[in-house]
Amino acid sequence: MPTLDLILEVILLTVKVAVLTQIIFALPMPLTWLERKIAGHIQVRLGPWRVGPHGILQPFADAIKLLFKEDIVPDKADKILFKIAPLIAMVPAFAVFAAIPLGDTFKIPVIGAEVKLYLSDMNVGALYILAIGGLSVYGMILGGWASNSKYALLGGLRCSAQMISYEIAVSFAVIGVVMLSNSLNLLEIVKSQGGSFLSWNFLYLPVGPVWFAIFLIGSVAEINRIPFDLSEDEGTLSSGYHTEYSGMRFSFFMLAEYVAMVTVSILSVIFFFGGWNAPFAFLSFIPPIAWFMGKVCFFIYFFMWVRFTLPRYRYDQLMKIGWKILIPLSLVNILITGLMLI
Amino acid sequence: MLIDYLPVLIITGVASFMAAAALFVSFLLRPNNPYREKNTPWECGMDPVGDANTGHTRIPFFIIAILFIVFDVETLFLFPWAALLPDKGISVFIFIEMFIFIAVLALGLVYAWVKGALEWV
């Protein structure tokens, strides 16, 4: 027999999930505008300009366009897999957020009620994020295979090989964080980095910066962004695994990619840069959520900056970096971190 | 605690529902005019030759998948170890244990490397 408290808690959870999902669903709109604007300014041009002041309404125009596009399903495609593959790519990107905390608790100013800024305080949060985040690869390889197009097949295969290769490096980096913070719970990981910026995992010398470098390189490859976006290398593969997709289904793949970028930015902040802790104790009058959002925005900007600064790697170079540099480096680093902790 | 995992179910449901809703709205608005040329796979305007999904792919992808399984299982073993390591009573013992484990796996990586499984030409 469920008690009243339990029912209330489930209702509150559902409301929080609904709000969070709406926000994430709408998040790519400002992000695409920002990305194109940053791209424009880095390449000394204006970026979106025509629709609205400074092109700020461009994402809305794009959304309307995508909504009105025909949904083309190739004759020879595996129809069912072709239709559900974008959903398989997209839903895990959202499900990851069940374990991601955005803060500890937040006091609503007027009514004085406290709201928890996380959905689930699960004790295996880091492992859950790795597991669910890895599921997106199924959507990409199924989409590539079901299209029955050679470009899409090659793109899907490349994408899956790349993602599973770098997933190992990312897992090792997360293990490093777990060793430093002594917990798999994301709230505990942030708590262990409290105080000043000297206790952030990034500054746990000498292993912290190495873990961060492995995590960052691995995650850029995981989310398929330049310099590792080999799966959608337009020079050789036209558009990779989503060559045959159009309209809303295409936008779901893009949505998954942008949400993954936000997830990786949030995880970098939580794992290495103290989450919502202020860098100096005397600055803690600024609300934690502001610190958190500021750091996350910096990382989102960083990923866009990298995209328009670095050229793309070749596929053999990509595999070489993953298997011959990052994995041996992380094995050695695990032993060094272990030696420092015992 | 099972209640900690309830949000996973809810967020999966809500995300799927929103995706389905977006697809439905698009279904009401979009045109539908398929014809033979539009529904062929995109190949720069050429007529596609043969099927793509008959499995003609390079074998290194398969080798990478096998190596992935080996190393991913290894990381799973490392997670509980990493959470327990700073416990002073057992830390030296489990560190030596894990050192041997990692050494064996590193040997496996060296073997794959020497055999050329990691070469991608």
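This is a predicted model: local features need pLDDT of at least 70, side-chain atom pairs count only at pLDDT 80 or more; totals for chains, interfaces and linings use all residues.
Residues are numbered from 1 along each chain as its sequence is written, chains are lettered from A in the order in which they are written, and side-chain values use heavy atoms, leaving out hydrogens and water.

Let's start with Trp81(B). Setting aside residues up to four places away in sequence, Trp81(B) touches Met179(A), Ile334(A), Ile94(B), Phe95(B) and Met98(B).

Now, the core. A nonpolar core is a set of buried Ala, Val, Leu, Ile, Met, Phe, Trp, Tyr and Cys residues joined through side-chain atoms within 4.5 Å, with buried meaning under 20% relative accessible area (1.4 Å probe, protein chains only). The largest one has 119 residues, and Phe271(A), Trp323(A) and Trp81(B) touch the most other members. Both domain 1 (1-68) and domain 2 (69-341) of chain A contribute residues, so this core lies between them; the domain bounds come from an automatic or database assignment.

On to the interface, please. Chain A brings 77 residues to the contact and chain B brings 68. How many salt bridges are there between chain B and chain A? The count is three, taking a salt bridge as a side-chain nitrogen of Lys or Arg within 4 Å of a carboxyl oxygen of Asp or Glu. Glu70(A) and Lys38(B) form a salt bridge through their side chains, at 2.6 Å, N to O.

Terms used: Buried means under 20% relative accessible area, exposed over 50%, partly exposed in between (1.4 Å probe, protein chains only). Contact means heavy atoms within 4.5 Å.
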